[in-house]
Amino acid sequence: MKLLKLLSLLGFFILTSCASVSVNTDYDKKADFASFKTYAYSKNSIDKLEISDLDKKRILYAIDDAMPAKGFSKSETPDVLISIFTKERERVNVYNSMGWGYGYGWGWGPNLGMGYTRTTTTPEGTLYIDMIDAKTKELVWQGIGTGYLTTDSERKDERIAEFVAKILEKYPPIVK
């Protein structure tokens, strides 16, 4: 019974650790980030996204909600263009367990230490947010967030907002 409780608790921690968004960023060290105050979306990149229109809107709304805190306002004549790109894949999780007990296996006699293997898949997504200098048309900053996706439409808004917030936490870069 204690082993079952321990395994349940371990499963809970594994599932909750999957909830985080892993973020990486890169940037042009010569860009003047202090001069960027306005933004608009790169219509070309938005049109090319191969996700549902509802998920596109969720991402754009989340970016629009986060940008004012970064000192940005939306503009028809922007300093930066925001381009987004997404990828999705199935993450395969394999759990091996060594059980203890008495039983019969492939051999002629009793076996001790029988275990099991369980495999699950989880949808995992990556969101790229690129900031392009509107004047030079060059990439100046890129944020990449990777984490599990939800298929629950009730939680999609929240999960996408979490991806965007975690990525934009890293903007502006700390230039060294």
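These are my notebook entries on what I looked up in this structure.

**Entry 1: ground rules**

I am working with a predicted model, in which local features need pLDDT of at least 70 and side-chain atom pairs count only at pLDDT 80 or more, while totals for chains, interfaces and linings use all residues. Residues are numbered from 1 along each chain as its sequence is written, and side-chain values use heavy atoms, with hydrogens and water left out.

**Entry 2: the chain as a whole**

I looked up the secondary structure and found four helices and eight strands in the protein chain, where helices (H or I, at least four residues) and strands (E, at least two) are DSSP runs numbered from the N terminus. Read from the N terminus, the order of the elements is α-β-β-α-α-β-β-β-β-β-β-α. I then checked burial, and 35% of the 176 residues count as buried; buried means under 20% relative accessible area, exposed over 50%, and partly exposed in between, with a 1.4 Å probe and protein chains only. Of the contacts with a separation of 6 or more, 70% are between residues 24 or more positions apart, a contact being heavy atoms within 4.5 Å.

**Entry 3: the aromatic rings**

I looked up ring pairs next, counting rings of Phe, Tyr and Trp (its six-membered ring) as paired if their centres lie within 6.5 Å, with planes under 30 degrees apart called stacked, over 60 edge-to-face and the rest tilted. By this rule there are eight aromatic pairs. One of them is the edge-to-face pair of Phe33 and Phe36, at 5.9 Å centre to centre and 85° between the planes. Phe33 is buried because its relative accessibility is 9%, and Phe36 is buried as well, at 6%. Phe33 also pairs edge-to-face with Tyr171, at 5.8 Å centre to centre and 75° between the planes. This second pair links distant parts of the chain, since Phe33 is in the loop between β1 (22–27) and β2 (38–41) and Tyr171 is in the segment after α4, 138 residues apart. Tyr171 is buried, as is Phe33. I noted that ring pairs link Tyr27, Phe33, Phe36, Tyr39, Tyr41, Phe72, Trp141 and Tyr171 into a cluster.

**Entry 4: the segment after α4**

I stayed with Tyr171, which is joined to Pro172 by a cis peptide bond with omega about -5°; Pro172 is likewise found in the segment after α4. Computed along the sequence Glu169 and Val23 are 146 residues apart, yet their C-alpha atoms are 9.4 Å apart in space.

I looked up Gln142, whose place is in strand β8, and Gln142 is partly exposed at 22% relative accessible area. Beyond its neighbours within four places in sequence, Gln142 is in contact with Asn24, Thr25, Asp26, Tyr128, Ile129 and Asp130. The side chains of Gln142 and Asp130 are joined by a polar contact of 2.8 Å, that is, a pair of N or O atoms within 3.5 Å, where within protein one must be able to donate a hydrogen and the other to accept it, and residues adjacent in sequence count only if both atoms are side-chain atoms. In the loop between β7 and β8 I found Lys137, which has a positive phi of about 60° although it is not a glycine. Lys137 counts as exposed because its relative accessibility is 56%.

**Entry 5: Thr150**

I moved on to Thr150, in the loop between β8 (139–148) and α4, where Thr150 is buried at a relative accessible area of 15%. A polar atom of the Thr150 side chain lies 3.1 Å from the backbone nitrogen of Asp152. Neighbours within four places aside, Thr150 is in contact with Arg155, Lys156 and Arg159.

**Entry 6: the largest pocket**Last, I looked up the largest pocket, which holds about 500 Å³ of space. On a 1 Å grid over the protein atoms alone, a pocket is an open set of points where a 1.4 Å probe fits, with protein on both sides within 12 Å along at least five of seven lines, and lining residues have an atom within 4 Å of a point. Grid points are joined across faces, edges and corners, and the volume is the space filled by probe spheres set on the points. The lining has 22 residues, of which Ile51, Asp55, Thr86, Glu88 and Leu149 lie nearest the centre of the pocket. At least two lining residues come from each of α2 (43–48), α3 (53–66), β4 (80–98), β7 (115–133) and α4 (153–168). By class I recorded nine nonpolar, six polar and seven charged residues in the lining, with Ala, Val, Leu, Ile, Met, Phe, Trp, Tyr, Cys and Pro counted as nonpolar, Asp, Glu, Lys and Arg as charged, and the others, Gly among them, as polar.
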